[in-house]
Amino acid sequence: MFGDHYKSLLGAFFFSAPRTPIKPYQIPDGTELVEVITDGMVYFPGRGGEEFRRGTIFWHQPGEWTISYTSPSEPYRCFVCKFETDGTARQVPRVSKWGGVPDLSRFVDDMLNFTMQRKLDREEIFAYCLGTLLRQQIKESPLPAALKMVCRKLNNDPVTAPSVEELAEYAGISASRLFALFHKHLQSSPHKYLLQCRVNMAKELLAERVGIPIKQVAEMSGFASLEVFYRRFRQHTGITPAEFRRKVTGE
């Protein structure tokens, strides 16, 4: 059924909402636009003033309008996937949630890497992108509730640096238990996970805000200095922030 409805991936990119009013985009015939919130806040008409944040997925069909209502203090960012369709009715709810399979940051990272490295052909990228988005409708993250709470907190705000004790108290468990959960389920530690969240945020900013100086990207991502940022970024990606920007933007 889904294979008949979705024909191809026409594009995948970041959109960063300005603090000024946003002009929505009406979806043309034969296409479907999927917007996945990665940061900030969105108000969606017809949902009783409800606020939507990171992990919300908006599926737009022809004639519908993209998201546009945001908070001036928390303008949203989103990853956008544009599909060619056969014009039949939408296959999923208009608004859904990321289920954690894989983690949203991993999905965005994969899509950026595919674009940058060009290791896969368009059909393979299309299959991965659509398959991952559709899986969010039927699967939930297997992580324990306390670990999901902490991971969500660090993903939503990687700039601040809460202590392990503060994170454990937030999740209602002991610090030793939190360490054990990270090791068992993520083969990581709270500190390493936070660093990965910061690098992921930096990659998003480098890809979507080409005009921002790299020093400012480092500050916005929570790194104490440009030197630390370059060292950590290269440890995680194998290349410098400048090289990453050039590869992912083609500039």
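In which helix does Y230 lie? Y230 lies in helix 9, where helices are DSSP runs of H or I with at least four residues, strands are runs of E with at least two, and both are numbered from the N terminus. The structure is a predicted model, in which local features need pLDDT of at least 70 and side-chain atom pairs count only at pLDDT 80 or more, while totals for chains, interfaces and linings use all residues. Residues are numbered from 1 along each chain as its sequence is written, and side-chain values use heavy atoms, with hydrogens and water left out.

Y230 has a relative accessible area of 29% and is therefore partly exposed; buried means under 20% relative accessible area, exposed over 50%, and partly exposed in between, with a 1.4 Å probe and protein chains only. Leaving aside residues up to four places away in sequence, Y230 touches I214, T240, P241 and A242, contact being heavy atoms within 4.5 Å. Helix 9 covers residues 226–237, and its 12 residues should span 16 Å at 1.5 Å a residue, which agrees with the 16 Å between its end C-alpha atoms. The expected span is 1.5 Å times one less than the number of residues in the helix. Just after helix 9, G238 takes a positive phi of about 85 degrees.

Helix 7 has 19 residues, and the reach from its first C-alpha to its last is 27 Å, close to the expected 27 Å. Of these 19 residues, 16 are buried, and helix 7 is mostly covered. A207 belongs to helix 7 and counts as buried because its relative accessible area is 17%. The C-alpha atoms of A207 and S189 are 27 Å apart in space, and the two residues are 18 apart in sequence.

Helix 7 (residues 190–208) packs with helix 4 (residues 145–156) at an angle of about 35 degrees, and their axes are 9 Å apart. Here the axes are lines fitted to C-alpha atoms, for helices over the stretch in contact, and angles run from 0 to 180 degrees between N-to-C directions. The contact involves C151, L154 and N155 of helix 4, together with P190, Y193, L194 and C197 of helix 7. These residues comprise 6 nonpolar, 1 polar and no charged; Ala, Val, Leu, Ile, Met, Phe, Trp, Tyr, Cys and Pro count as nonpolar, Asp, Glu, Lys and Arg as charged, and the others, Gly among them, as polar. A145 is also placed in helix 4. Its relative accessibility is 55%, so A145 counts as exposed. A145 and A171 are 26 residues apart in sequence, and their C-alpha atoms are 8.5 Å apart in space.

Q187 is found in the loop between helix 6 (175–186) and helix 7. The phi of Q187 is near 50 degrees, a positive value in a residue other than glycine. Most residues other than glycine have a negative phi. Q187 counts as exposed because its relative accessibility is 62%. R209 lies in the loop between helix 7 and helix 8 (214–220). With a relative accessible area of 21%, R209 is partly exposed. R209 touches S16, R77, M220 and R245, not counting residues up to four places away in sequence. The C-alpha atoms of R209 and S16 are separated by 7.6 Å, although the residues are 193 apart along the chain.

The largest nonpolar core has 42 residues, and those with the most contacts inside it are C81, F83, F107 and L133. Such a core is a set of buried Ala, Val, Leu, Ile, Met, Phe, Trp, Tyr and Cys residues joined through side-chain atoms within 4.5 Å. Residues up to four places away in sequence not being counted, C81 touches L9, G11, A12, E32, L33, V34, F107, C129 and L133. A second, separate core has 15 residues, including L143, L147, L181 and C197.

In helix 3, the buried residues include I125, F126, C129, L130, T132, L133 and L134. The 14 residues of helix 3 (residues 122–135) should span 20 Å at 1.5 Å a residue, which agrees with the 20 Å between its end C-alpha atoms.
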